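Biologist: I have not seen this structure before. Could you take me through how to read it, one feature at a time?

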Amino acid sequence: MGSYVITVPGTIRKPMDLSARRALLAVVHGADPEEVGGQVPDLDVLTLDEPGGTFVLRLEVEAADRTAAGEEAVELTRRAFTAAGYDSDGVSVGTPAVTGIDVG
């Protein structure tokens with residue numbers, strides 16, 4: 001098992017308000033949604049280009065290998081957007097990329 005940093009790109013089809021952002025980050029961080037979303041460090045996790053409708057999530061997952069890490073990151077991304085009120089037609093998830101590995 002190792003710890004992987006995965007970058008997941010995608011597109012959204014409706015604007016994201018602060019409440020949706022907090023719900024999404026709560027799933028990603030596993031934190032109280034009242035405590036996340038407005039802090040500058042969260043900008044490292046979610047980059048959102050609303051006019052273009054694109055996003056990038058940077059997630060850390062535990063997995064046996066790169067493939068499993070990518071699959072886990074995509075699943076976590078889908079769960080986070082579902083919690084934020086986006087259905088499967090409201091968000092498209094792109095191909096994840098491994099951007100960091102710690103197998104120590």
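Modeller: Let us begin with accessibility. At a relative accessibility of 37%, Glu75 counts as partly exposed. Arg79 also counts as partly exposed, at 37% relative accessibility. The model is predicted.

Biologist: What does Arg79 form with Glu75?

Modeller: A salt bridge, with the closest N and O atoms 4.0 Å apart. The cut-off for such a pair is 4 Å. Arg79 and Glu75 are separated by about one helical turn because they are four residues apart in helix H2.

Biologist: How many salt bridges does the structure hold?

Modeller: The structure holds one.

Biologist: Next, confidence. How should I read it, and where is it lowest and highest in the protein chain?

Modeller: The pLDDT is the predictor's confidence in each residue, from 0 to 100. The protein chain averages 85, and 85% of the residues score at least 70. Confidence is lowest in strand S5 (residues 97-102), with a mean of 86, and highest in strand S4 (residues 91-93), at 96. Over residues 31-43, the pLDDT is below 50. In the model, this stretch has 18 contacts beyond near neighbours in sequence.

Biologist: Now a helix. What span does H1 reach from its first C-alpha to its last?

Modeller: Helix H1 covers residues 18-29, which is 12 residues, and reaches 16 Å. That is close to the 16 Å expected at 1.5 Å a residue. At the start of H1, a side-chain oxygen of Asp17 comes to within 3.3 Å of the backbone nitrogen of Ser19.

Biologist: Which residues of H1 are buried, and what do the buried residues pack against?

Modeller: Buried means under 20% relative accessible area. In H1 these residues are Ala20, Arg21, Ala23, Leu24, Leu25, Ala26 and Val28. The buried residues of H1 pack against strand S2 (46-49), strand S3 (54-63) and helix H2 (66-83).

Biologist: Then the core. Which residues have the most contacts inside the largest nonpolar core?

Modeller: They are Met16, Leu24, Leu57, Phe81 and Tyr86, in a core of 26 residues. At least two residues of this core come from each of strand S1 (2-12), H1, S3, H2 and S4. H2 gives the most, with six residues.

Biologist: What is Tyr86 in contact with, leaving aside its neighbours within four places in sequence?

Modeller: Tyr86 is in contact with Ile12, Lys14, Pro15, Met16, Ala20, Phe81 and Val91. Among these, Met16 and Phe81 are also listed with Tyr86 as having the most contacts inside the core.

Key: Residues are numbered from 1 along each chain as its sequence is written. This is a predicted model: local features need pLDDT of at least 70, side-chain atom pairs count only at pLDDT 80 or more; totals for chains, interfaces and linings use all residues. Side-chain values use heavy atoms; hydrogens and water are left out. The expected span of a helix is 1.5 Å times one less than its number of residues. Buried means under 20% relative accessible area, exposed over 50%, partly exposed in between (1.4 Å probe, protein chains only). Contact means heavy atoms within 4.5 Å. A polar contact is a pair of N or O atoms within 3.5 Å; within protein, one must be able to donate a hydrogen and the other to accept it, and residues adjacent in sequence count only if both atoms are side-chain atoms. A salt bridge is a side-chain nitrogen of Lys or Arg within 4 Å of a carboxyl oxygen of Asp or Glu. A nonpolar core is a set of buried Ala, Val, Leu, Ile, Met, Phe, Trp, Tyr and Cys residues joined through side-chain atoms within 4.5 Å.
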